[in-house]
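Visitor: Could you walk me through how to read a model like this one? I would like the general idea first, and then the case at hand.

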Amino acid sequence: MAVPARRIVVRVLWDGLTYSALLGAILVWAFPVLWVVMTSLKPRTDIFTVPPTIRFSPTLQHYAEALQTQGIVPSINNSLVIACLSTVLALLVAVPAGYAYARVRFRLRTCLSFYTLFTQMVPPIGLVIPYFLVLNRLRMLDSYVGMVTIYLTFTVPFSVWLMITYFQDLSPELEEAAAMDGASRMTTFLRIMVPQVRGGIAVAAIFAFSDSWNEFLYAVVLTGTKTRTATVAIFGFLAAEESRWGPFTATGVMIMAPVIIVALLAQRHILKGLSLGAVKS
């Protein structure tokens with residue numbers, strides 16, 4: 001049966017509006033990023049041109065200047081160390097915890113599960129002063145141990161809930177078959193369950209790394225000259241006397257690049273992780 005021409009026109013118009021809205025949303029997100037990239041490649045004289053120009057001779061001078069600025073390279077190294085340690089430790093806790101919440105019945109399971117979720121609801125700004133006082137009392141301010149410990153407070157809960165959704169998505173028959181073959185709970189977890197949720201582990205690692213890498217609020221208060229991260233050090237280019245926008249944007253691009261590249265390469269796993277978390281409790 002032929003589809004009426006009016007219905008075809010309505011469908012085409014609706015699809016056009018939908019794709020236009022999606023394209024507009026993408027441009028709203030992408031425009032600031034593209035503008036920062038363009039500014040980092042502009043000669044200094046073109047940065048302040050009014051009206052702004054999109055035709056210029058690209059230069060890498062700002063990147064060289066940023067890397068030669070004292071404190072930038074060490075701060076990037078600090079961010080890398082803290083983000084990697086936070087990610088690894090978060091996974092070491094979140095993967096077995098997610099399995100326990102999803103599969104094991106034990107006392108206080110519901111209470112602990114709610115507490116894990118509750119930690120995600122606390123606004124970070126309300127924890128800055130308590131964290132500062134605790135780390136100061138323990139003499140862990142401006143240290144890798146202190147920063148990684150603080151970052152685990154928000155990377156672990158999210159990773160745990162993400163892993164719960166992946167473990168719940170697996171068939172219980174896998175564990176039943178392993179039990180019939182005489183496998184212990186630990187053997188079943190390590191050799192059967194964990195390989196089945198490799199995609200979930202990758203998603204949790206990506207989110208944990210991104211959150212740790214991009215974090216600013218805790219870093220600006222709890223770090224000093226020894227462990228200052230890149231998100232804090234970048235503001236050294238801005239001053240009341242003169243703002244060095246070229247090196248500032250170049251450093252911003254270097255900070256954004258790893259996260260954007262990882263997100264683009266793993267977007268399929270990320271979307272699956274977000275959809276699982278949206279439809280399962």
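Guide: Let us begin with surface: accessible areas come from the Shrake-Rupley method with a 1.4 Å probe, and for residues only the protein chains shown count as cover. Here the chain exposes about 17400 Å², with carbon and sulfur atoms supplying 69% of it. A word on the source: this is a predicted model, where local features need pLDDT of at least 70, side-chain atom pairs count only at pLDDT 80 or more, and totals for chains, interfaces and linings use all residues. Residues are numbered from 1 along each chain as its sequence is written, and side-chain values use heavy atoms, with hydrogens and water left out.

Visitor: How many helices and strands does the chain have?

Guide: Helices (H or I, at least four residues) and strands (E, at least two) are DSSP runs, numbered from the N terminus. By that reading, the chain has 14 helices and zero strands. Its radius of gyration is 24 Å, well over the 19 Å that the globule rule gives for 281 residues, so the chain is more spread out than a compact globule. That radius is taken over C-alpha atoms, and the rule is 2.2 Å times the number of residues to the power 0.38. Along its principal axes, the C-alpha trace spans about 75 × 75 × 35 Å.

Visitor: At what angle do H4 and H7 pack?

Guide: Axes are lines fitted to C-alpha atoms, for helices over the stretch in contact, and angles run from 0 to 180 degrees between N-to-C directions. Helix H4 (residues 72-103) and helix H7 (residues 144-168) pack at about 40 degrees, their axes 6 Å apart. The contact of H4 with H7 has 22 nonpolar, six polar and one charged residues. In this scheme Ala, Val, Leu, Ile, Met, Phe, Trp, Tyr, Cys and Pro are nonpolar, Asp, Glu, Lys and Arg are charged, and the others, Gly among them, are polar.

Visitor: Is serine 79 buried or exposed?

Guide: Buried means under 20% relative accessible area, exposed over 50%, and partly exposed in between (1.4 Å probe, protein chains only). Serine 79, which sits in helix H4, is buried, at 3%. Contact means heavy atoms within 4.5 Å; not counting residues up to four places away in sequence, serine 79 touches Trp213, Thr229 and Ala230.

Visitor: And where is serine 143 found?

Guide: Serine 143 lies in the loop between helix H6 (128-137) and H7, and is buried with a relative accessible area of 18%. Serine 143 and threonine 227 are 84 residues apart in sequence, yet 6.1 Å apart in space, C-alpha to C-alpha.
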